[in-house]
Amino acid sequence: MRWFSRRKPKKQIARNEQSYSHELDYSQNQEKNKRIEQDLQMNKEILVKLLNPAPDLIVREVKSQPNEKQIMLFFLEGLVDKQAVNNNILRPLSNHTIQSSDIMKLPVTTSEKKIGHTWYEIHHALLEGNTVLMMEGQSFALLLNTQGWPQRQIQEPQTEASIKGAHQGFVETASQNIALIRRYIINPELKIQQLIVGRRGRSKVSLVYLRDVVNPEILDKLTNRIQKINVDAIINTGELGEFIEDNPYSPFPQFLTTERPDTAASHILQGRIAVVVDGSPGVLIAPMTFLSYLQAVDDYSMRWMVSSFIRLLRFVALFVAIFLPSLYIATLSYHYEILPLRLLISVGQSRAQIPLPPIFEALIMEVSIEMLREAGLRLPAPVGQTVGIVGGIVIGQAAVQAGIVSNIMVIVVAMTAIASFIIPNPDLSATIRLLRFPIMLVASQFGLYGIMISFMALIAHILALESIGTAYSSPFAPLWLSDWKDSIIRFPLRNMRIRPNSTKPVQQKKQEHHGGPKEP
Amino acid sequence: MNIQAVKEQSHPKLSTLQFIFLIVGAQVKTGILTLPRDLAEVSGTDGWISLLAAWLISLVMGFFIIHTAKKHPDDTLFDLLTRYFGPWIGNLFVLALVGFSFFIVLVVANINVHIFLLFALPHASNYGLMALLLLPLYMVLKNGLNVAGRYNELLFYMLCWMPLFLLVPLKHGHLLNLLPVLKDGWNPVWHGMSTAMFSFYGFELAYLFYPFLANKKAALKGLVIANSITLVTYLFFTFVCYIYFSPDEIKEYKWPPLIELQSIEFSFVERFEVVFLPFFLMVYFTTLIPYLFKSVHGLTRIFHKQDHKPILRVLIVCILLLSIFYSPSYTDLEKYFDWWGYVAIIICFFFPPLFWLYVQTVHLVKKWRGV
């Protein structure tokens, strides 16, 4: 507000009148330090005026039994745990017999007890779900933590279901999420650094990391970037990610957002930093590499050969999802000579009735399958299934019989869609679905040459990308062969003795050499 | 920290592998498709001996280059020139070098477009292809030398398995084509030297990359490895073509390796060379990147700019505009290749030893005066 007022003083006055109906203006430092009064009735009036209109403000007056001192409790209904207020504050207050005029000696039994002097502190404590206790003749108030807001049960995250892993997911409360991570890493070096982001929202953002593993430069960079965010509020982890990422003009996700505590814990153990945002079930992991989006937590609990095979499959799926439709277009528009005669004849037969050039055929199909996917996404499950069935029948059968698209095109589109669903990370999967449209257009103009150029441009882009100053394309482009043990092929766990180089960990070794099961 | 960051930006560090592959990329160029035929024309089946000799010569030149660059480990060639020849003559040299490398970029980009128009896309426009070609080039170079080094390294790994396809048709080849060795004496080998030497041009870029190298002690080793990788690549292509084609047949084709690939047929892909050719694009890229970097870097030095991006953009637009107004025929391109060869003889043969001698003399004179 202050820098604002220096540049445009006139507007500021108008704004103040609009948005602050009460007499306190916290943007002035003087007002921020304004202390509460000793007179209880006056305090009540000021507080009600401050919050006004606030129908959820509850004021409870209690007489402290022996010496008849007036006590007042303030809290916002819905933000506090009523049970806690009853059991830990009201009941002890009404039962106690010790004669005391000292507010500190009141027998409240909440787990946390703070002192508030200024209206600013009290106001914020109320908004955070604390109960404020004031006593006649005291110039400060007690802030008792009685937070309890509506909460979701811990469930398995829908987009990241695991077959053999844990079935717990993060919830919307940061403290619980941090606890979930702590359950996996019971280590004194696990540190949590809390920052407040947003002038209005004041979201609590916590960085969770292993102090003796994480690279301090990366941690500094991340902390700086988060501190520099100057916005009203951060509602979601995705928003936070957009404000702190290295390249906002890239289609690729530069951070991982996960709802799984075990994923977060395993990344922290590799030397990465987890950013927990209060109010969002997604936890942001940084720094990331391109390859880690193709890995899932299940990879480590399956046989290494099986999971290596699955990783290879994902890699193939990545290429299929990006390039298959454009290869179809390029081959049929320019390079049909590369098809052997028999295949060419069968393709030609299926395309003989089609009036559209391959690019339009492909665009129609790809756009309609994207529509189907998006339509099914937000509908309730039974309706969503209907959409899938209707879409499948229309696209699979009717469109071919009507002569709008060819059979081969249907196969191509289906393959592409399935391949894009194989990518375990929804962010990367969305990126890939987006990328194939420009490549299809280029392929329709320049054939294989265009596809190759797009491929090289993609590589160039990925090579130039950085995630918090570390190479996004590792372990391929700055070639780190030791990191290859956990890249496309997952080596047996006992061979992975060091943490990945891409996170530049301070402590590299993560396990001793494991000789194997042979007994001496 | 800020000063350090700026320093790091102006002096990116290349790993030894990146240094090697930047030079290999520059050396392995379009010639790889034409070399077997060109060598066969002048020196028959003994062309591979010329290649070996050319490799030895380039190693010696590399020795001179590294030893000159060692004197001032933080100076690029452009700094060295202005340091030893004064600002005027030095800058004139720099301008000539920039012009030459930009000429190389133009020729390589145009030959690439030409081959594609010929083999795969007869109806496309050459400026369209050119615009497309320049896009990844710009994306790589705008991020500086470090990304360029990574790019060349990665492309090498992606390319190195490709020549293996050439082994497939070899079952129809005859090893006897190679024999007898030195059937016409040493004369043909001698005649093939200029053609063979052309394949190794690119090692002069070591001047440019030396100051960026992180581990300067590995420079000479790196250069030797780079030259050897290049040698192996060219030898492989030459041998394969000599074995597959008869000594007379090979002279009938302009691009023998592509013709050889035509004979590969899978049950699902015919005309294999059409599939192969787009991958060949990477070979052009690895050549274009170091030379375009050289031109951009030289111009940034001449104009004393901090940021290289505006100059890069101007050069890219120049290439594009040129391709709209002028599309060279293959005879033109061959003529340009000859020019390239002539100028490169001066830069790669005469310049390194002479410059080394000059620098050595200057230092001796200084020492002598100082004593």
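The following legends describe close-up views of a predicted model. Local features need pLDDT of at least 70, side-chain atom pairs count only at pLDDT 80 or more, and totals for chains, interfaces and linings use all residues. Residues are numbered from 1 along each chain as its sequence is written, chains are lettered from A in the order in which they are written, and side-chain values use heavy atoms, without hydrogens and water.

**View 1. Confidence along chain A.** The average pLDDT (the predictor's confidence in each residue, from 0 to 100) of chain A is 84, and 90% of the residues score at least 70. Helices (H or I, at least four residues) and strands (E, at least two) are DSSP runs, numbered from the N terminus.

**View 2. Strand E5 of chain A and its partners.** Strand E3 (residues 113–116) of chain A pairs with E5(A) in the antiparallel sense over four bridges; pairing requires at least two bridges found by DSSP. A:Leu144 in E5(A) is the bridge partner of A:Lys113 and also stands opposite A:Thr131.

**View 3. The hairpin of E4(A) and E5(A).** Strand E4 (residues 130–135) of chain A pairs with E5(A) in the antiparallel sense over four bridges. Five residues lie between the two strands of this hairpin, and A:Gly137 in the turn has a positive phi of about 85°.

**View 4. B:Phe325 in chain B.** B:Phe325 lies in helix H14 of chain B. This residue is exposed (over 50%), with a relative accessible area of 72%.

Conventions: Buried means under 20% relative accessible area, exposed over 50%, partly exposed in between (1.4 Å probe, protein chains only).
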